[in-house]
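Please read the sections below alongside the sequence and the coordinates.

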Amino acid sequence: MIDLHTHTNKSDGTDSPRELVNKAIVQGLTVLGISDHDTTSSWQEAKQTLRGNLSLVLGSEISCLTSDGVSVHMLGLLFDETHAEMQIMLEETRDGRIPRMRKMIEKMRSAGFDISMDDVEAVKPVGATLGRPHLADALVSKGIIASREEAFNGMLNNDSIFYVSHAAPTPAEAIAMIRRAGGVAVIAHPFASHRGQILKPSDFEPMVTAGLNGIEVDHRDQTPEERAMLRTIARELDLAITGSSDYHGGGKVNLLAECQTDPLEWEKLESQADARRVVRV
Ligand code: AMP
Ligand code: FE
Ligand code: FE
Ligand code: ZN
């Protein structure tokens, strides 16, 4: 059982890295990828908790914006955590999330909602990458909405009047950085249409030129038709095909290992990192 894309409370998941690793062991996963948004702060605790037959694939889901302003998530896996340029890029994105959150809150306050940055800080785990899910949790704590799900279906949707984007690298810049840091780049849920504007098939070729290694095909936010299209694109471009849960603990309905990656595809992907960085005991 191989699940390459999950989140902890170092970003917008709700399990600590320790809890996530323990769940993966109990459920019998063989390979667990941990990819918190724009950070590597989950890696250390995950490594310390590792035991038994589980292998860890440490990474980060890097927020990107295309030149057309389309939001893209790029999974960087198996890169060198000490790569200075990579850490600066992640830090700049995390920093940019703070004024972005202030702007979203200001728009809500102007519309009459009683919500503040303090409310968001109060619900955000210490050290977590700040994101819309924390704003959702704050809105829940203030009794304005009932759940993260409700928030993303309305006030916090990409099409909402309250939505503000934040500074982020382009997909090609993120891919090139991941590869310079020795890792592999997999584009996450590229056709997840309910998130707003999505990519076109012609958007993949420049990413391959930048060094893209794989496409996340099996993901709950992609329909069977979208997955079939992505599978065809991946085969044509000789990219690895992955499947993953995008597990967020209690922060989303996604269950650990609900979608998985074929062992042969994983082998193909892993072999493209510049060193063997899978963590085993
Ligand atoms: P941000 O990175 O701050 O723009 O927030 C986007 C994050 O919100 C994504 O990483 C998703 O994990 C999360 N998200 C999107 N839709 C939902 C949903 N329906 N329920 C919970 N979390 C969601
Ligand atoms: Fe998330
Ligand atoms: Fe994502
Ligand atoms: Zn994710």
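## Crossover units and the sheet

In this predicted model, β1, α1 and β2 make a right-handed β-α-β unit, and β2, α2 and β3 make another right-handed β-α-β unit. Helices (H or I, at least four residues) and strands (E, at least two) are DSSP runs that are numbered from the N terminus, and a crossover is right-handed if, with the strands pointing away from the viewer, the path from the first strand over the helix to the second runs clockwise.

The pairing of β1 with β2 is parallel and comprises 2 bridges, with D3 having L32 in β2 as its bridge partner; strands count as paired if DSSP finds at least two bridges between them. On to strand β3 (residues 55–65), β2 is joined in parallel by 7 bridges, and S35 has G59 as its partner there, while D36 has S60. These strands belong to an open sheet of 7 strands with mixed pairing, in the order β1-β2-β3-β4-β5-β6-β7. Its edge strands are β1 and β7, each of which pairs on one side only.

## Basis of the values

Residues are numbered from 1 along each chain as its sequence is written, while chains are lettered from A and ligands numbered from 1 in the order in which they are written. Because the model is predicted, local features need pLDDT of at least 70 and side-chain atom pairs count only at pLDDT 80 or more, whereas totals for chains, interfaces and linings use all residues; side-chain values use heavy atoms, with hydrogens and water left out.

## The enclosed strand β2

How many residues of β2 are buried? Of the 7 residues of this strand, 7 are buried, so β2 is largely enclosed by the rest of the structure; here buried means under 20% relative accessible area, exposed means over 50%, and partly exposed lies in between (1.4 Å probe, protein chains only).

In a regular strand the side chains alternate between the two faces of the sheet. For β2 both faces are covered, with V31, G33, S35 and H37 buried on one side and L32, I34 and D36 buried on the other.

## The iron site

The iron ion (ligand 2) is coordinated at 2.2 to 2.7 Å by D12 (OD), D12 (OD), H37 (NE2) and H248 (NE2), where donors are N, O and S atoms within 2.8 Å of the metal (3.2 Å for Na, K and Ca), and where sites may look incomplete because water is not among the atoms. Along the chain, the donors of the iron ion (ligand 2) follow the spacing D-x24-H-x210-H. D12 lies in the loop between β1 (2–3) and α1 (17–26) and H37 in strand β2 (residues 31–37), so the pair ties together parts that are 25 residues apart in sequence. D12 is buried at a relative accessible area of 9%, and H37 is buried, also with a value of 9%.

The site of the iron ion (ligand 2) is irregular, with angles of 52 to 146 degrees among its 6 donor atoms. Four donors count as tetrahedral if all angles lie between 85 and 135 degrees, and four count as square planar and six as octahedral if opposite donors are over 155 degrees apart and all others between 65 and 115, anything else being irregular. The iron ion (ligand 2) and the iron ion (ligand 3) are separated by 5.5 Å.

## Salt bridges

The structure holds 14 salt bridges, a salt bridge being a side-chain nitrogen of Lys or Arg within 4 Å of a carboxyl oxygen of Asp or Glu. One of them joins the side chains of D38 and R97 at 3.1 Å, N to O. This pair links distant parts of the chain, 59 residues apart, with D38 in the loop between β2 and α2 (43–49) and R97 in helix α3 (residues 84–110). D38 is buried with a relative accessible area of 0%, and R97 counts as buried at 8% relative accessibility.

Another salt bridge brings K268 and D238 together at 2.7 Å, N to O, and it links K268 in helix α10 (residues 263–270) with D238 in the loop between α9 (224–236) and β7 (240–243), 30 residues apart. K268 is partly exposed with a relative accessible area of 26%, whereas D238 counts as exposed at 54% relative accessibility. Salt bridges that share partners also join D114, D119 and K142 into one network.
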